[in-house]
Amino acid sequence: MQVIAKDISVQFGGFQALNKVSFQAKAGTFSTIVGPNGSGKTTLLRAMTGDLAYEGDISMNGLPARSTKTLELAQIRAVLPQSSTIAFPFTVLELVRLGLTAGLSSTQTDNLEALVHLALNKVGLSGYEGHLVQELSGGQRQRAQLARVLVQVWEPILNGQPRWLFLDEPVSALDIGHQLLIMQIAREFAEAGGGVVAVMHDLNLTAMFSDQVTLLAQGECVASGAPKEVLTDLNLSTSYGCALRTNTPPPFEGPWILPQAAQWRGH
Amino acid sequence: MNLATAYKATLSAPAGDRRAKAAFVRLGLIALLILSILLSLGWGAAGDTDVIGALLAGVGIGEASLRDMTIIWDIRMPRVATGVLVGASLAVAGAVMQGLFRNPLADPGLVGVSAGAGFGAVAAIVLGGLLPFFILDLVGSYLVTFAAFLGGWASTLLLYGVATRGGHTSVATMLLAGIALGALTGALTGFIVYLATDDQLRDLTFWGMGSIAGSTWPKFFAAAPIIAAALIAAPFLARSLDALALGESVASHIGIDTQKMKRIAIMTVAASVGASVSITGGIGFIGIVVPHLLRLVQGPEHKNLLPNCALLGAIVLLVADMIARVIVAPAELPIGIITAVLGGPFFLWILLRNRGVLDM
């Protein structure tokens, strides 16, 4: 079971944001899309989550994304946007409950309310149920939204079908401790048989947690494959337009990316 | 469940869960509504009316004098029934609009229903006499009602058409187009008012400020099916409206067909507000203040918000009507003046108290 995006092109006005980019993600793996600002990584994710018009074909577990019902899609994939606002003073508990909108058919649990508390516990927000979402800090808000996303696809595999997490910069608002927590939650989801597709800025976290990396630049795919093959000095330096060097410090096997800019403190 | 057990349930509810509170509020509002209905029925120029006796006699229990029966069942009851229906309709329509536009300040007035209905009514009052006789015969005394309803619907359909492109309705465009259409109908209305005679001007003034004093059973039954249908449809939008608080994109991610629900919500509001305005004229502030107040008390979940809005909207309208009847007795003030005088400062007070909470 896979998510397959084939020859995706997206235009904003006259600007070609994506030019025939193809992408595949397998269930049971963590796939990450990286690239500089404006490379089209969020655009690619938003095409896959049905948020913008695109040319090409996208399928999820064999279902064509364009012609599958909103509710049916909601039962196999959940989406964490880059940032989200909520109108009206919802409590954290009420926010997370919204993840259950797709209903009973989207989980095997009888006790939906219990899921809400499990999810809040998982993202480290137990005890915040009664707080208004507006009162939370940016990072807490992002984690509350993640809890909402998690209850939507609580079981990574349901009725033999893998389910998917689409995460758009899930850790950009978080401190390093919570960055690791969130990446681990996503990693566990993938290891339990679900699929994770994430857009990331942090290349080191990407290298640590991803099975597969797709590097975009200027709306085109530069490279796709295992982190070691994609995150190379040459690929990164040309795509990001600055000198970057990778390293593999023990015991960590993956590439470790260090900026080699011309000037920093002490030089 | 009685009030005491409902109250106990609010104390043992899990943190952040305001459903028990909403259930408690609902029971309280039902009690208040019954009280306001009885007060409203008992309050009038004709003293010594045996309200309870006449009410019971009306359903076949005991007997009451013909005078009391007439006062209660033919004069006060249509007025109270209209008040309940229109109050509920305006408050629920307000809550649905606010959910749809994700803005606590949205009001049915924004989507052009009120402006369109107002234009229809003004045109009917001033120019109605110019219509051919057979049409006047056909619609009879419903001319203003009918024209208002038609005006409200037409303007909503027009706005919906303007804001919809390639199967997607832009809520922001609809809001802005509503302002433009409001200005246009305002100008047209002004022009027709300019043509009006002195007698017509008095009718227009009263119509614009709203009143349930002229309520009759035929008028009530003309609007009741439409408003009732909208009130029954509204709770089915609850989950979608909750989801929409997260924005259209997230709402569709969690399984809501946003285009379909926008269409249903807009049509529901247009029908119910159009029907309300057509029988009572413009009554402001109920659509903004009632949902807002309830959201502060019990949270924004629409499943509980919408029914409680209906109850509180009805109560507020009945209370405002009672004030309108006594404040310059034996004359009566238009009810729109009362709701605005009470609603305006009250709304400001809510805003000042909750500045932090309102920021989105």
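# Sheets, helices and chain contact in a predicted model

Q: Which residue in β10(A) stands opposite A:Leu165?
A: The residue of β10(A) that stands opposite A:Leu165 is A:Val196. This is a predicted model, and in it strand β9 (residues 164–168) of chain A runs parallel to strand β10 (residues 195–199) of chain A, with five bridges joining the two.

Q: Which strands stand at the edges of the open sheet of four strands in chain A?
A: The strands of this sheet pair in the antiparallel sense, in the order β2-β1-β4-β5. Helix α1(A) packs on the sheet and touches β1, β2 and β4 of chain A. A strand at the edge has a single partner, so one of its sides is left without a neighbour in the sheet; the two edge strands are β2 (15–26) and β5.

Q: Which residue of β4(A) is the bridge partner of A:Ile4?
A: Strand β1 (residues 2–12) of chain A pairs with strand β4 (residues 55–60) of chain A over five bridges, in the antiparallel sense. Within β4(A), the bridge partner of A:Ile4 is A:Ser59.

Q: Which residue takes a positive phi in the hairpin of β4(A) and β5(A)?
A: β4(A) and β5 (residues 63–64) of chain A are antiparallel and pair over two bridges; A:Met60 has A:Leu63 in β5(A) as its bridge partner. The hairpin has two residues between the strands. The residue with phi near 50 degrees is A:Asn61.

Q: Is A:Glu169 buried, partly exposed or exposed?
A: A:Glu169 lies in the loop between β9 and α6 (176–191) of chain A. Its phi is near 45 degrees, a positive value in a residue other than glycine. Because 19 other C-beta atoms lie within 10 Å, A:Glu169 is partly exposed.

Q: Is B:Phe285 buried or exposed?
A: B:Phe285 is in the loop between α13 (258–280) and α14 (286–298) of chain B, and its phi, near 75 degrees, is positive although the residue is not glycine. It has 22 C-beta neighbours inside 10 Å, so B:Phe285 counts as buried.

Q: Is B:Gly161 buried or exposed?
A: B:Gly161 lies in helix α7 (residues 143–163) of chain B. Its C-alpha atom is 9.0 Å from that of B:Met174, which is 13 residues away along the chain. With 11 C-beta neighbours inside 10 Å, B:Gly161 counts as exposed.

Q: How are helices α3 and α4 of chain B oriented to each other?
A: The axes of α3 (residues 51–58) and α4 (residues 66–101) of chain B come within 9 Å and cross at roughly 80 degrees. Their contact has seven nonpolar, two polar and one charged residues. Angles of 65 to 115 degrees count as roughly perpendicular, so α3(B) and α4(B) are roughly perpendicular.

Q: Which element gives the most to the largest nonpolar core?
A: This core has 180 residues, of which A:Ala186, B:Val92 and B:Val96 touch the most other members. The element that gives the most, with 17 residues, is α4(B).

Q: Which helix gives the largest share of the side of chain B that touches chain A?
A: The contact takes 28 residues from chain B and 29 residues from chain A. On chain B, α11 (238–244) and α12 (248–253) each supply at least two residues. The largest share, four residues, comes from α12(B).

Methods: Residues are numbered from 1 along each chain as its sequence is written. Chains are lettered from A and ligands numbered from 1 in the order in which they are written. This is a predicted model: local features need pLDDT of at least 70, side-chain atom pairs count only at pLDDT 80 or more; totals for chains, interfaces and linings use all residues. Axes are lines fitted to C-alpha atoms, for helices over the stretch in contact, and angles run from 0 to 180 degrees between N-to-C directions. Angles under 35 degrees count as roughly parallel, over 145 as roughly antiparallel, 65 to 115 as roughly perpendicular and the rest as oblique. Ala, Val, Leu, Ile, Met, Phe, Trp, Tyr, Cys and Pro count as nonpolar, Asp, Glu, Lys and Arg as charged, and the others, Gly among them, as polar. Two residues are in contact if their C-beta atoms, placed from the backbone, lie within 7 Å. A residue is buried if 20 or more other C-beta atoms lie within 10 Å of its own, exposed if 12 or fewer, and partly exposed in between; C-beta atoms are placed from the backbone. A nonpolar core is a set of buried Ala, Val, Leu, Ile, Met, Phe, Trp, Tyr and Cys residues joined through C-beta atoms within 7 Å. Two strands pair if DSSP finds at least two bridges between them.
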